[in-house]
Amino acid sequence: MNILVLNGSPKAHSTTLDMTKAFLNGLCQIKPGHSQYISSYDKHVKYCQGDLSCWFRQDGQCIIQDDDMNDILAAMKESDVIVWSFPLHCHGLPASLKAIWDRTIAFLKINMTQGKTYVEHERTFDLTAKKHVVIVGGGYPYYPDNFAAVKTLMQIYLKHPAMACICETALLDASAPEIEPLKKALFARLHEAGIEYGKTGQLSAETVRQLEAPLVSNEKYIAMINSLAPDSKAQ
């Protein structure tokens, strides 16, 4: 099994990528294979220019030839599972990963088809036929709309990916003794989720619920984050 991990974190040490690796350890325990990691911040990917000639050429290649995107498109084609791993930035994808996301329109044709609830382009290469896993880390405490925008985007474009959006991930960098067992439990759940995905090709609603449950109460999390503010230290 070939796994392509698209890492959208700008940080050298990414807590979201750590979570993703815990998931992949479980997955590869069931489905051994090769994992290729691509960091969007390490690649040279220009913004989509809206040229749309790719829709008429229908060769699955982008007209922009002097950056890394066509190599990334080739890696997508060769993978069995694509893992989108990124921190939530302003309720969406980080800019460098969004640039990659936008450039996948090279897989589309000008032809449109209409379903009962949607209109979409036909494809030279069907990205939705791949298995997709989305793991998102967010620094906010839990609230219902925290990940709503990015969940909708992923669901519409990728067609029902396995997805876990995990809040309060700033705690994963904390060294407080009371946080360690919470971190350990989360990473154990991610490992088990990987095993489940390896066996079934999906994540159950209960597994997602457990992964997305807040580590501590909103009130406690907000107090911990606010204690880090410069003005709080001066008091």
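Trainee: Quick one to start: is tyrosine 143 buried, exposed or partly exposed?
Mentor: Tyrosine 143 is partly exposed, with a relative accessible area of 31%. Keep in mind that this is a predicted model.

Trainee: How many aromatic pairs does a search of the whole structure find?
Mentor: Five aromatic pairs turn up. One of them joins tryptophan 84 and tryptophan 101.

Trainee: Why is the pair of tryptophan 84 and tryptophan 101 called edge-to-face?
Mentor: The planes of the two rings meet at 70°, and over 60 degrees counts as edge-to-face, so the tryptophan 84 and tryptophan 101 pair gets that label. Their centres are 5.0 Å apart.

Trainee: Where do tryptophan 84 and tryptophan 101 sit in the chain?
Mentor: Tryptophan 84 belongs to strand S3 (residues 81–87), while tryptophan 101 is part of helix H4 (residues 95–103). The two are 17 residues apart, and their pair links distant parts of the chain.

Trainee: Buried or exposed, those two tryptophans?
Mentor: Tryptophan 84 and tryptophan 101 are both buried. They also belong to an aromatic cluster with Tyr157.

Trainee: Let's change topic to the backbone. Which value does phi of cysteine 90 have?
Mentor: Phi of cysteine 90 is near 50°, a positive value in a residue other than glycine. Cysteine 90 lies in the loop between S3 and H4, and with 80% relative accessibility it is exposed.

Trainee: What about phi of histidine 160?
Mentor: That angle is near 65°, again positive in a residue other than glycine. Histidine 160 sits in the loop between H5 and strand S7 (162–166). Its relative accessible area is 70%, and histidine 160 is exposed.

Trainee: Now for valine 150: what does it touch, beyond residues up to four places away in sequence?
Mentor: Valine 150 touches Phe86, Leu88, His91, Gly92 and Leu93. Valine 150 belongs to helix H5 (residues 148–158), and at 1% relative accessibility it is buried.

Trainee: How far is the C-alpha atom of valine 150 from that of glycine 92?
Mentor: The separation is 5.1 Å, although valine 150 and glycine 92 are 58 residues apart along the chain.

Trainee: And serine 79, where is that found?
Mentor: Serine 79 is in the loop between helix H3 (69–78) and S3. Serine 79 is buried, with a relative accessible area of 2%. Leaving aside neighbours within four places in sequence, serine 79 is in contact with Asn2, Leu4 and Lys130.

Trainee: Zooming out, how many helices and strands are there?
Mentor: The chain has nine helices and seven strands. Its radius of gyration is 19 Å, close to the 18 Å that the globule rule gives for 235 residues, so the chain is as compact as a globular protein of that length.

Trainee: What share of the residues is buried?
Mentor: Buried residues account for 44% of the 235. As for contacts between residues at least 6 apart in sequence, 75% join residues at least 24 apart.

How values were computed
Residues numbered from 1 in each chain as written. Predicted model: local features only at pLDDT ≥ 70, side-chain atom pairs only at ≥ 80, totals over all residues. Heavy atoms only, no water. Helix = DSSP H or I, 4+ residues; strand = E, 2+ residues; numbered from the N terminus. Rg over C-alpha atoms; globule rule 2.2 N^0.38 Å. Buried < 20%, exposed > 50% of the residue type's maximum accessible area, 1.4 Å probe, protein only. Contact = heavy atoms within 4.5 Å. Phe/Tyr/Trp six-rings, centres within 6.5 Å; stacked < 30°, edge-to-face > 60°.
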